[in-house]
Amino acid sequence: MEPLDGKPMPSHSVREAAVTALLIAPHAVGSCGPTLGNLQNSIHPFDCQVLLIERAQGGFYGGQLALPGGKMEPGELPIETALREFKEELGVDLQHPAVSALHVGSLDAVYSPETQFLIHVMVVLARTLPQCDPEPTEVAAMLGMPLGAFDPRLPLQVHVEQHRGELLQFGAVPAPGKRRVWGLTARFLSELAGRVAEVSGQ
């Protein structure tokens, strides 16, 4: 997970950001769930696909798998930022009727001392797989992973390596293409998966 140094969130005004955890129903065309569009099968919420992006090289998070999102502009609500950033990065207006997306809730905001941002996570459910047109200067690739991969009851892969000049030990969730999800993204999705497990009684 992303190393947190234990510093409390500053009492002065902090920068804020918002990201979108887009869950695609397992019966949607293109879903990675085991039902593969067959509505006759029993559907578990963990079969939902969560959309991740690989950040383009060059930025602070270059090359990392993350949730789409970015900095909040003055006067914006977190959901407004999340929707705006999703459209800017992936070319999809989640409010368009054809997308059939629904804002179903949010996770607790988390302050990251490393970036000095308070980050809000908006959870959105899509009944169809959006046709994305990624902005290449921001998004190098896209991929979907089943939400169940982030079940907090599953063991994490432990890595020890240099990161920005520091030796870190952290847990990560393996992703296709010999990639991994770690840091705040893994933390957010683990929390989301845990909440889904509680609600569904799993």
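pLDDT is the predictor's confidence in each residue, from 0 to 100.

**View 1. Confidence along the predicted model.** The protein has an average pLDDT of 82, and 81% of its residues score at least 70. Confidence is highest in helix α1 (residues 78–90), at 97, and lowest in strand β8 (residues 157–163), at a mean of 76. Helices (H or I, at least four residues) and strands (E, at least two) are DSSP runs, numbered from the N terminus. For residues 1–8 the pLDDT is below 50. For residues 29–40 the pLDDT is also below 50. Where pLDDT is low, the predicted coordinates should not be read in detail.

**View 2. The largest nonpolar core.** A nonpolar core is a set of buried Ala, Val, Leu, Ile, Met, Phe, Trp, Tyr and Cys residues joined through side-chain atoms within 4.5 Å; buried means under 20% relative accessible area, exposed over 50% and partly exposed in between (1.4 Å probe, protein chains only). The largest such core has 31 residues, and L52, L67 and F188 are among those with the most contacts inside it. Helix α2 (183–200) is one of the elements that give two or more residues to this core, and α2 supplies the largest share, 8 residues.

**View 3. The surroundings of L67.** Contact means heavy atoms within 4.5 Å. Leaving aside neighbours within four places in sequence, L67 is in contact with residues including V19, L52, V121 and F188.

**Reading the views.** Residues are numbered from 1 along each chain as its sequence is written, and side-chain values use heavy atoms, with hydrogens and water left out. In this predicted model, local features need pLDDT of at least 70 and side-chain atom pairs count only at pLDDT 80 or more, while totals for chains, interfaces and linings use all residues.
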